[in-house]
Amino acid sequence: MLKIKKGDTVKVIAGKDKDKEGKVLSVDTKNNKVLVEGVNMVTKHAKPSAANQNGGIIQKEAPIDSSNVMYVHKGKATRVGFKMDGDKKVRFAKATGEVID
């Protein structure tokens, strides 16, 4: 189970986009990858199609390994843990001990 979900704000802690922050657009649990808004941009050459009449060069996000991102809680990057809240499993920020969701 990944500690990061779609919609979370994360900070990149390694790689060419280190220290950038963005929102998680999608999570691939099978390959441990996350797609973060505005991070790991790649240039893609697209052929003209019905959806894209002109084709051309497109900038888009590429997946980044989930180990290279850290959850941001109240403006501060923190590790994430799981604990039982009654009979419900919840995520909590290790820096503050506060429940995330």
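## Charged side chains and their partners

The side chains of Lys20 and Asp17 form a salt bridge, with N to O at 3.1 Å. This model is predicted. Lys20 counts as partly exposed because its relative accessibility is 37%. Asp17 has a relative accessibility of 10%, so this residue counts as buried.

How many salt bridges does a search of the whole structure find? The search finds 3. They are listed here.

| Salt bridge | N to O distance |
|---|---|
| Lys20 and Asp17 | 3.1 Å |
| Asp8 and Arg91 | 2.8 Å |
| Lys74 and Glu98 | 2.8 Å |

Take Asp8 and Arg91, whose side chains meet at 2.8 Å. This pair links distant parts of the chain, 83 residues apart. Asp8 lies in the segment before β1 (9-12). Arg91 belongs to strand β10 (residues 88-93). Both Asp8 and Arg91 are buried.

Next come Lys74 and Glu98, joined by a salt bridge of 2.8 Å. Here too the pair links distant parts of the chain, 24 residues apart. Lys74 sits in the loop between β7 (69-73) and β8 (76-78). Glu98 is in the segment after β10. Lys74 counts as exposed, because its relative accessibility is 65%. Glu98 has a relative accessible area of 33%, so Glu98 is partly exposed.

Now the rings. Which residue lies over the face of Phe92? Lys83 does, at 4.8 Å from the ring centre. The ring of Phe82 has the charged end of Lys89 over it, 4.6 Å from its centre. The count of aromatic pairs comes to 0.

Technical notes:
Residues numbered from 1 in each chain as written. Predicted model: local features only at pLDDT ≥ 70, side-chain atom pairs only at ≥ 80, totals over all residues. Heavy atoms only, no water. Phe/Tyr/Trp six-rings, centres within 6.5 Å; stacked < 30°, edge-to-face > 60°. Lys NZ or Arg CZ within 6 Å of the ring centre and 35° of its normal. Salt bridge = Lys/Arg side-chain N within 4 Å of Asp/Glu carboxyl O. Helix = DSSP H or I, 4+ residues; strand = E, 2+ residues; numbered from the N terminus. Buried < 20%, exposed > 50% of the residue type's maximum accessible area, 1.4 Å probe, protein only.
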